[in-house]
Amino acid sequence: MKIVVKGMSAGYGSSEILKDIDLEIGSGEKVFIGGSNGSGKTTLLKVMSGLISHKGTVTVDGKEISKMKRKEAAKLISLMPQTSEVYFPYTVRETVMLGTYASSGSILGGAPASAVEYAVKCMEDCGVEDLQDRHLDELSGGQLQRVLLARTFAQKSPFLFLDEPGNNLDIKYRAELCDKLNVWAAGETSGIPNTLVAIFHDLEQARRCCTRAVMLKDGKVIFDGCIADGLKPEMLIKVYDFDVTSYSGV
Amino acid sequence: MTKKGTGLKIAISAVLCLFILVLAIRQGSVYISLKDLFGIIGGHITGKGTPDGVEPMMDSIFWTIRMPRAVMAFLVGGALSMSGACMQALLQNPLASSYTLGVSSGASLGAALVLILEISIPVLSGFMLPFAGFVFGLATVVIALMLTSAIDRSVSNTTVVLIGMVLSLFVNGMMNLLSTLNADHSKQLILWMMGSFSARGWKHCAILFPVCVIGFVCLMLMSRKMDIMSFGDLQAQAMGVDAKKTKIVAILVCSLLTGVSVAFTGVIGFIDLAAPHVVRKIFGPSHKLVIPMSFIYGGAFMALCDLISRTLLSPREIPVGAVTALIGAPFFAYVFFASRRKRA
């Protein structure tokens, strides 16, 4: 199973953000999407999830994503968005269980036992099983981020798209997140190898979690290769228009 | 919340709701014992007529005036509250309701035009008022959505609510103009804008009841989608919910519930905003509980408000919309801020 993007352009209204993108992501890959603010990283994830209309083609397992029903697309791809608003204080358990909607398909909210069991496993994987009766408005930003990650895992899709999953996490949880993502990608939770596509601003996280880098600049792919080459100072200077060697940590 | 705890809360709520309904039927200038009341109900249901020992006039007062009025108040309160709960979830805005989105005002304008212009479509016969309420309520919210998409390309939920409120005020202005230009209907229209259950009978209940059942079933079938939509359109789409389609179906259902209710009783605000919030504080935000309990709490609260509206300054009647706001606002503030303080 793979995602194939051919001659894809997309944007919002009349402004075109992504221009003529060609990309292929195969099963089991761990891909870092890099680029400066406004380069089109989030838009790329949204297009590949089928949430934004586009020109060109984006196929998952040979089927055009924009022609799939939402539930069908969600069974293949789970996306954890960059911003997560909470308007009503569901409990952690209720929130993670909602992630099983596409796979369990129950109408009135009673998910099958297997889905409940899997959701509990996802909570354990993300270290939020002790918080399951807490309400979302009682959690810290980092705890909420881990709950939403557990909900994304619970969707049980072979492709996992994460938009800045390290937001609000302290250094310990950032390191743990990488371990969990590696475990998830290896298929230890779901039983099948999974594909990870993630946006990070913390390049150390990108290095730890991913094996391939796709670097964007002004809506175009300017690099696609192994993570070590993608994170070399000369490439980063090109991507960010900034002397990264003067910044510690690179 | 444990299943046992939820079950107990539901049982207490059901008993409380039944108590308020019986109170709303019994209380007033004429009083009746419980035995006679159930005798009258049993007599009419079984077709045996007025039971022994009950005067025909009492039977008439309770069966043809008090009961349909209380049942109508309950159904309207329940319908408006279910609609409010749904709107709040879909628009992720605690201030969203059929009232703030202009559905109530639009429905009211439709019903007023039917009354003033004496419009009649033979095919619809007795359904003309609810039909007009539904169509105008739906038209208002559709206009609100069209204006929103013209102004705000992202169709943000905040803009939808703001435009809805502006439209609601505009339509209310049109209602005021109509009542000024039509002196003959002026009093009727002013009362309409404040809401009343006066002279509502079984024939009105017979129309509203199936509408409530249809609305309830549709919203319950959508309850899990509403839970997911509560997290925002983007997250809902990512989790497999077709946000646009869900919103369209939900708005249709809410317009039906609100439009038909308002067409019979006039505009009654606040209940659709407050009842779902109170329910969420007690039962949590899951819509498989919020929808049915909003119906029960909204219905019971409306029946209580109608009882107060007709008995407090008896024989004068206070518009029920004024009562819902006068009682509901401080109660809502207490529930809301008390739980915030507890959490802090």
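How many residues does helix α6 of chain A have, and how far does the helix reach from its first C-alpha to its last? Helix α6 (residues 141-154) of chain A has 14 residues and reaches 20 Å, close to the 20 Å expected at 1.5 Å a residue. Keep in mind as you explore that this is a predicted model.

Now look at what surrounds this helix. Twelve of the 14 residues of α6(A) are buried, so the helix is largely enclosed by the rest of the structure. Among the buried residues are A:L144, A:V147, A:L148 and A:F153, along with A:R146 and A:R151. Just after α6(A), you can find A:K156 with a positive phi of about 55°.

Let's step back to chain A as a whole, which has ten helices and ten strands. Here are some of its values:

| Feature of chain A | Value |
|---|---|
| Span of the C-alpha trace along the principal axes | about 50 × 45 × 35 Å |
| Buried share of the 250 residues | 47% |
| Share of contacts with a separation of 6 or more that join residues 24 or more positions apart | 64% |

A compact globule of 250 residues would have a radius of gyration near 18 Å, and chain A agrees because its value is 18 Å.

Finally, visit the place where the chains meet. The contact takes 23 residues from chain A and 22 residues from chain B. On the chain B side, α8 (202-221), α9 (223-229) and α10 (233-238) each give two or more residues. The residues on that side divide into eight nonpolar, eight polar and six charged.

Note on methods. Residues are numbered from 1 along each chain as its sequence is written. Chains are lettered from A and ligands numbered from 1 in the order in which they are written. This is a predicted model: local features need pLDDT of at least 70, side-chain atom pairs count only at pLDDT 80 or more; totals for chains, interfaces and linings use all residues. Two residues are in contact if their C-beta atoms, placed from the backbone, lie within 7 Å. Helices (H or I, at least four residues) and strands (E, at least two) are DSSP runs, numbered from the N terminus. Ala, Val, Leu, Ile, Met, Phe, Trp, Tyr, Cys and Pro count as nonpolar, Asp, Glu, Lys and Arg as charged, and the others, Gly among them, as polar. The radius of gyration is taken over C-alpha atoms; the globule rule is 2.2 Å times the number of residues to the power 0.38. A residue is buried if 20 or more other C-beta atoms lie within 10 Å of its own, exposed if 12 or fewer, and partly exposed in between; C-beta atoms are placed from the backbone. The expected span of a helix is 1.5 Å times one less than its number of residues.
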